[in-house]
Amino acid sequence: MTPGPLPPPLPAAPESAIPPVLPADAACELVNLRKVFDTTVAVDRLSLRVPRGTFYALLGPNGAGKTTSLRILAGLLHPGDGRAFIDGIDVHREPARAKARLAYVPDEPALYGKLTPVEFLEYTAALWSVPPAEARARAQSLLAQLGLADRAGARLEGFSRGMKQKVALAAALIHQPALLMLDEPLTGLDAAAARLVKDMLQEFVAAGGTVLLTTHILEVAERLAQRIGIIHRGRLHAEGTLEELRLRTGRPGATLEDVFLHLVGSADGIAAVQS
Ligand SMILES: Nc1ncnc2c1ncn2[C@@H]1O[C@H](COP(=O)(O)OP(=O)(O)OP(=O)(O)O)[C@@H](O)[C@H]1O
Ligand SMILES: [Mg+2]
């Protein structure tokens, strides 16, 4: 499909509407990032800062560049032009130090099918040098929290998609990272599991951690996220609290869905939504 014209740029937000976030307070940061795959510009001069201790939702239509941005922050993709930082550490220049502070749950986690969840979690913990006794205790506690205790000894190859997602989340938490990045973590989870995961993520933030997630479930972002970034065609279109986004789009009291569609809808031919 030929992309339509980009919507006109938004008027700049008043300075006072944007809380000042010093770089030292950033759990992660992208600076002027541009990533091109062959001829596709996946991320286009994107700068984004996630304050430490924040629940942050990165939203955008399919192909907007969300997964690419997370993979660059996780050190899985070369940043191309621009830089990516975790806790002020350049991910590309000091990958080991940066990666020790984060955990990344991809949209389709790859697990070792022949291992049991306990073995997989202990293996992951060993990679992060978590002492074995501590790793075992954490693994058992996480599996119990996620309702997988009764499957702890079964091989992962026999797990359902949602169960695998839960194991991936447990593996992400096993080394107690400061920053948890999750790519569409709720897709495929049943209602109870989704609630469980949302509660765990909120607890993680309440305990001082930072969550950066992507989701297409805007109600989740609306309810949980303290800050929201909306990217479209690789560019940051709007950023702030829901209240700030409402103000910027002149839609007081609007749902995040209304705000989101107003911002990105016209470019994708959803003009009716704007009216
Ligand atoms: N490895 C790759 N090779 C070629 N093109 C890629 C690659 N990864 C991503 N792209 C392209 O980069 C753009 C951004 O993709 P990305 O996966 O970051 O989008 P997204 O915002 O995560 O979308 P979705 O909501 O569908 O998950 C798309 O046009 C995609 O086709
Ligand atoms: Mg994606």
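**Sheet and ligand shell, a quick chat**

Trainee: In which sense do β6 and β7 pair, and over how many bridges?
Mentor: β6 and β7 (residues 179–183) run parallel, with four bridges between them. Strands are DSSP E runs of at least two residues, helices H or I runs of at least four, numbered from the N terminus, and two strands pair if DSSP finds at least two bridges between them. Bear in mind that this is a predicted model, where local features need pLDDT of at least 70 and side-chain atom pairs 80 or more, while totals for chains, interfaces and linings use all residues. Residues are numbered from 1 along each chain as its sequence is written, with chains lettered from A and ligands numbered from 1 in written order.

Trainee: Which residue in β7 is the bridge partner of Leu102?
Mentor: That's Leu179.

Trainee: And what's the strand order in the open sheet?
Mentor: β6-β7-β8-β3-β9-β10, six strands with mixed pairing. β6 (102–105) and β10 (235–240) are the edges; each has a single partner strand, so one side of each lacks a neighbour in the sheet.

Trainee: New topic: which residues surround ligand 1?
Mentor: Among them are Phe37, Asn62, Lys66 and Thr67; a residue counts as near if its C-beta atom, placed from the backbone, lies within 6 Å.

Trainee: Which element gives the largest share of that shell?
Mentor: α1, with three residues. Both β2 (40–51) and α1 (66–73) supply at least two.

Trainee: How many helices and strands does the protein chain have?
Mentor: Ten helices and ten strands.
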